[in-house]
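Here is a briefing on one structure. Keep the sequence and the model in view while reading.

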Amino acid sequence: SWSSSDSVISTDSTGETLGPGKPLRVLLLGGSDVGKTAFASIFAGAADSMESDDCQMYGDEVCERTIEVDGEEATITLLDTWTTEEDGRCMAEDQCMQTGDAYLLLYSITDRASFLRASELRITLRCHWPARHTPIILVGNKCDLVRCREVSVSEGLACAAVFDCKFIETSAAMQHNVWEAFRGIVRQLRLRRDSKEA
Ligand code: GDP
């Protein structure tokens, strides 16, 4: 379910990043064990029935693939650099925060601490992009683990409303709503692009 905060996406003064043929750089953010790697593997096609030969890998953490959204193709470069934070191999947080055109902000619905971490990251993002209305989707992953739920759907929705972003619950394990999250990002970026052209 999407949050109702589907506000008009404002234009920014800088962005030349959203030409129709240009890959959209989507960054996976979130605490550890929330499912970022699982998301990246689904995107890369490792655990997916879709053809994976159209996914170009650039090292472990970056994958590019073209998907069709509402009848129009979009190329996404997925960056999972954040995952390596724990290994001490991550680029500086600042740099991470600035690499994306859009962000999937993950938490696990079974881990309240990861939900709080997502809020912190959202605040950090806002500091980095004060003037830009950067597309962000708050993603409550592991919704298959109903008995272990610590964060309710309404809490997720409320958080997304406060932070002015979209919200979706997913299960990477069940491959539920993962592509919907990527499509949502593309739709938000298009809204922004179209409002610029208008
Ligand atoms: P990361 O640290 O954010 O990259 O998290 P991972 O993708 O490595 O996932 C952490 C653990 O959670 C792994 O054991 C995954 O198999 C598991 N996991 C990831 N997504 C889901 C999900 O949607 N449902 C369930 N049940 N487990 C998941």
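**Briefing: strands, helices and ligand shell**

Leucine 28 has leucine 104 of β5 as its bridge partner. The model is predicted.

**Strand β5 and its neighbours**

- Strand β1 covers residues 24–30 and pairs with β5 in the parallel sense. Five bridges make up that pairing.
- Strand β6, residues 136–141, also runs parallel to β5. Six bridges join the two.
- Leucine 104 has a bridge partner in β6 as well, isoleucine 137.
- Strand β5 spans residues 102–108, and seven of its seven residues are buried, so the strand is largely enclosed by the rest of the structure.
- Side chains in a regular strand alternate between the two faces of the sheet.
- In β5, Ala102, Leu104, Leu106 and Ser108 point one way. Tyr103, Leu105 and Tyr107 point the other way. Both sets are buried.

**Helix α3**

- Helix α3 runs over residues 112–128, 17 residues in total. From first C-alpha to last it reaches 25 Å, close to the 24 Å expected at 1.5 Å a residue.
- Its buried residues are Ser114, Phe115, Arg117, Ala118, Leu121, Arg122 and Leu125.
- An α-helix has 3.6 residues a turn, so residues three or four places apart point the same way.
- The face turned away from the buried side of α3 carries the exposed residues Ala113, Glu120, Ile123 and Cys127.

**Helix α5**

- Helix α5 has 20 residues, which should span 28 Å at 1.5 Å a residue. Its end C-alpha atoms are 29 Å apart, which agrees.
- Buried residues in α5 are Val178, Ala181, Phe182, Gly184, Ile185, Val186, Gln188, Leu189 and Arg192.

**Ligand shell**

- The ligand is surrounded by 16 residues. The closest are Gly35, Lys36, Thr37, Ala38 and Ala173.
- Helix α1, residues 36–44, gives the largest share of the shell, with three residues.
- By class, the shell holds five nonpolar, seven polar and four charged residues.

**The loop between β7 and α5**

- Glutamine 175 lies in the loop between β7 (166–169) and α5 (178–197). Asparagine 177 lies in the loop between β7 and α5 too.
- Phi of glutamine 175 is near 55°, a positive value in a residue other than glycine.
- Asparagine 177 is not a glycine either, yet its phi is positive, at about 70°.
- Asparagine 177 has 20 C-beta neighbours inside 10 Å, so it counts as buried.

**Glutamine 98**

- Glutamine 98 sits in helix α2, residues 93–98.
- Glutamine 98 is partly exposed, with 13 other C-beta atoms within 10 Å.
- Between glutamine 98 and alanine 172 there are 74 residues of separation in sequence. In space, C-alpha to C-alpha, glutamine 98 and alanine 172 are 26 Å apart.

Terms used. Residues numbered from 1 in each chain as written. Predicted model: local features only at pLDDT ≥ 70, side-chain atom pairs only at ≥ 80, totals over all residues. Buried ≥ 20, exposed ≤ 12 C-beta atoms within 10 Å, placed from the backbone. Helix = DSSP H or I, 4+ residues; strand = E, 2+ residues; numbered from the N terminus. Pairing = 2+ DSSP bridges. Expected span 1.5 Å × (residues − 1). Near = placed C-beta within 6 Å. Nonpolar A, V, L, I, M, F, W, Y, C, P; charged D, E, K, R; others polar.
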